[in-house]
Amino acid sequence: MATFLYKLGRLSFRRRRYVALLWVLLLGGIGYASSAAPAPPADSFSMPGTDSQKAFDLLDERFPAASAEGATARVVIRAPEGEKITDPAAKAEVNQLVAALGKGPQVAGVADPYKANAVSKDGTTAYASVTYKVISTELTDKTRDALTDATDKTRAEGFTVETGGDAVQAEQEMGGSAELIGIAVSAVVLVITFGSLIAAGLPLLTAIIGVGIGVSGIAALGSVLNLSGTTSTLAMMIGLAVGIDYALFIVSRYRAEIAEGREPEEAAGRATGTAGSAVVFAGLTVIVALAGLSVVNIPMLTKMGLAAAATVAIAVLIALTMIPALLGFAGKRALRRKDRKNLKSRADSKDTKDRGLTKPGATHSTTEAQNTKPNLGTRWARLVLRRPVTVLLIGVLGLGAVAIPATSLELGLPDEGTSAPDTTQRKAYDLLSESFGAGFNGPLMVTVDTGGTKGAAAAAKTVGTSLAKVDGVAAVTPASVNPAGDTAIITVVPTTGPSDHKTEELVKTIRSEASGLEADTKSDVLVTGQTAMTIDFSQTLDDALLPYLGLVVGLAFLLLMLVFRSVLVPLKAALGFLLSVAAALGAVVAVFQWGWLADIVGVDQPGPIMSMMPIFMIGVVFGLAMDYEVFLVTRMREAYVHGARPAEAVVTGFKHGGRVVGAAAVIMISVFSGFIMENDDMIKMMGFGLAIAVFFDAFVVRMAIVPAVLALLGKSAWWLPRWLDKLLPNMDVEGEKLHKTLAPSSSPAAEDEGRDNDEEERELEPVRG
């Protein structure tokens with residue numbers, strides 16, 4: 001592979017104008033296609049096989065006018081201080097509001113609070129339920145404006161009016177200021193890392209092009225493949241992350257090759273052949289993790305995962321072709337000005353020596369340049385190798401302690417009770433809880449289906465009477481029967497809120513008693529509604545967690561075994577990843593569920609952890625973690641294959657890769673941390689979880705635990721059974737075949753580096769002893 005990528009890198013360098021033009025034309029063409037394509041379909045959420053989904057499908061069939069999956073708005077009205085909502089004047093005002101709501105566009109129906117028994121016992125508060133014909137993402141601005149105008153008019157009369165429900169939920173976008181902050185910080189880190197504006201701009205440019213192609217492609221194919229507008233959310237986040245990482249790795253290797261005295265074209269070829277090989281396998285691990293979301297069996301997550309995986313594949317192709325092409329335009333200007341001067345001095349010194357003009361006793365600037373203080377990565381690696389047991393214990397025990405709260409993980413979905421206090425949704429939620437009880441914010445919908453025969457009304461009455469006696473049920477409304485008389489709907493109001501654990505237990509209790517009720521009434525009894533859907537969603541993700549984890553870690557283990565030609569190194573990588581994810585989940589639970597540091601992070605109200613968080617974190621963090629593992633350890637493997645001793649190989653890997661991996665991690669932490677400032681708790685949780693996970697994995701696992709384990713394992717780290725060695729294809733990721741083919745001539749820099757490595761090896765001799 002390294003030889004093929006070497007040739008590809010040189011070809012892209014030589015044909016840089018054509019390569020760059022090709023990618024620009026591709027971006028423009030796909031961008032035009034996306035602008036001309038039909039609007040993407042609205043978000044559709046389904047969970048095949050669950051009771052909730054079966055009930056929703058049944059309601060769509062038997063109650064088409066009710067629009068079971070349509071958007072809803074719950075308008076809560078409280079009378080002025082000292083008045084009752086049942087007073088004649090107040091009642092007239094509420095009736096006007098109900099009439100105005102019913103005239104709004106896309107409205108399927110409005111429940112009169114006085115007829116629907118939706119007035120509080122103290123007579124101060126009522127609520128009107130508005131049902132729409134379409135789902136929330138298909139509501140027009142005119143529809144939303146009509147809802148706002150109607151409530152504003154009543155509010156102007158002195159009433160307290162607040163609105164909840166998905167019809168009024170503010171659309172939260174993954175981006176905006178958070179993304180801009182992440183890109184700005186990334187640019188600063190890249191400039192500091194490379195010391196060159198040109199070198200810093202290359203990763204940002206190619207990452208933006210890659211994300212542009214990926215997101216535009218999703219938009220262009222949206223109507224064909226039924227990809228909604230939110231499908232691109234994950235693709236944008238991951239595409240930007242890996243796009244910067246992959247380009248950063250290759251540009252860094254190019255600069256190292258130039259520093260060793262090689263010409264730009266040769267340096268680009270070698271960088272693509274070596275770092276490019278690591279990029280390919282790192283990209284494959286990310287693709288495996290994202291495509292693996294298909295095992296969850298939730299179509300929305302499957303589409304998001306596959307779309308993001310395609311964007312990662314584009315990022316890999318851009319890194320392997322466009323980066324060498326852009327390096328052809330940049331040449332040696334990708335180096336810092338100081339490094340360019342050193343190269344020129346080295347070339348002048350060599351030219352003087354070749355002509356025999358060196359004066360006796362003169363020193364070469366090359367030697368002076370090489371006798372500089374070891375960089376931070378080298379010093380850190382030496383420190384870890386001297387105290388591997390201490391570093392390993394501190395790292396493992398520290399992450400283990402942080403992971404302890406994860407044992408109390410409770411999954412759920414954020415509801416309006418976790419919204420910001422100043423939003424109308426939160427105010428409506430609080431008003432309902434105060435006046436009607438917490439369960440009114442999460443009613444359960446029970447369907448009774450007699451299988452096409454009449455008698456649903458009698459069956460529903462029996463079911464309702466039985467459910468009213470169940471602990472945890474506050475009220476059961478009279479049944480609504482369809483015109484055919486074969487299906488009925490009963491609304492069950494719990495005594496607890498939608499995110500309360502007792503509500504989940506109530507749903508399980510009702511479903512467990514459903515079998516007996518079905519036998520008595522000769523009907524099918526199913527529980528659905530937004531609260532039940534949330535519970536089923538959490539359970540589906542919980543059931544899929546271990547299979548998904550096994551699939552991702554298992555396939556990645558095989559890929560890493562191909563990369564490193566080792567059994568223990570991939571095992572160490574997988575175990576380290578699990579440790580960092582467990583610690584990150586522990587931190588998320590401590591902050592968002594327990595409320596630790598909630599004021600600092602900006603958590604309005606602690607509650608259950610978003611159901612998607614564990615699987616989402618596993619997919620995203622695993623990909624990024626393997627990026628750092630592959631790039632850092634591949635450089636160690638490369639040094640070991642080319643003759644370095646185990647300890648020397650570890651130091652070499654950190655000498656050349658530590659700074660780059662650290663910069664990549666800081667960039668990702670900055671990108672994800674930007675989302676912590678968002679007002680939505682779900683986005684805030686995702687940003688915090690991903691940022692802390694990358695921090696743990698990059699700086700504790702990869703930078704500390706990995707070198708400590710490799711120091712303790714020594715040569716055993718690279719052990720592979722002979723039969724397995726013969727069975728596995730040799731991908732030549734570390735460039736051993738390429739190294740032999742090119743037979744590079746030694747340079748003063750290489751010779752001095754060899755002497756430095758010998759000194760390092762002598763210093764580390766006590767460790768191996």
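Mentor: Let us start with a definition: a helix axis is a line fitted to C-alpha atoms over the stretch in contact, and angles run from 0 to 180 degrees between N-to-C directions. Please keep in mind throughout that this is a predicted model.

Trainee: Why are H18 and H19 called roughly perpendicular to each other?

Mentor: The axes of H18 and helix H19, which covers residues 530–564, cross at roughly 95 degrees and come within 10 Å. An angle of 65 to 115 degrees counts as roughly perpendicular, and H18 and H19 are therefore described in that way.

Trainee: Which residues of H18 and H19 meet?

Mentor: From H18 come Thr503, Glu504, Val507 and Arg511, and they meet Thr531, Ala532, Ile535 and Asp536 of H19. Sorted by class, this contact of H18 with H19 holds three nonpolar, two polar and three charged residues.

Trainee: What makes Lys522 count as exposed?

Mentor: Its relative accessibility is 71%, and the word exposed is used for values over 50%, so Lys522 counts as exposed. Lys522 sits in the loop between helix H18 (501–521) and strand S10 (524–528), and it has a positive phi of about 55 degrees although it is not a glycine.

Trainee: Why is Gln106 called partly exposed?

Mentor: The relative accessible area of Gln106 is 22%, while buried would require a value under 20% and exposed one over 50%, so Gln106 falls in between and is partly exposed. Gln106 lies in the loop that joins helix H4 (88–102) to strand S2 (107–111), and its phi, near 65 degrees, is a positive value in a residue other than glycine.

Trainee: How much of the chain is buried?

Mentor: Of the 769 residues in the chain, 54% are buried, and the secondary structure comes to 28 helices and eleven strands.

Trainee: Which residues touch the most other members of the largest nonpolar core?

Mentor: That core has 166 residues, and those touching the most other members are Leu234, Tyr246, Phe577, Phe592, Met617, Tyr628 and Phe672. Apart from this core lies another, of 23 residues, including Ile77 and Val134.

Trainee: What is Leu234 in contact with, leaving aside its neighbours within four places in sequence?

Mentor: With those neighbours set aside, the residues in contact with Leu234 include Gly239, Leu290, Met304, Phe616 and Val620. For the chain, among contacts with a separation of 6 or more, 80% are accounted for by residues 24 or more positions apart.

Notes
Residues are numbered from 1 along each chain as its sequence is written. This is a predicted model: local features need pLDDT of at least 70, side-chain atom pairs count only at pLDDT 80 or more; totals for chains, interfaces and linings use all residues. Side-chain values use heavy atoms; hydrogens and water are left out. Helices (H or I, at least four residues) and strands (E, at least two) are DSSP runs, numbered from the N terminus. Buried means under 20% relative accessible area, exposed over 50%, partly exposed in between (1.4 Å probe, protein chains only). Contact means heavy atoms within 4.5 Å. A nonpolar core is a set of buried Ala, Val, Leu, Ile, Met, Phe, Trp, Tyr and Cys residues joined through side-chain atoms within 4.5 Å. Angles under 35 degrees count as roughly parallel, over 145 as roughly antiparallel, 65 to 115 as roughly perpendicular and the rest as oblique. Ala, Val, Leu, Ile, Met, Phe, Trp, Tyr, Cys and Pro count as nonpolar, Asp, Glu, Lys and Arg as charged, and the others, Gly among them, as polar.
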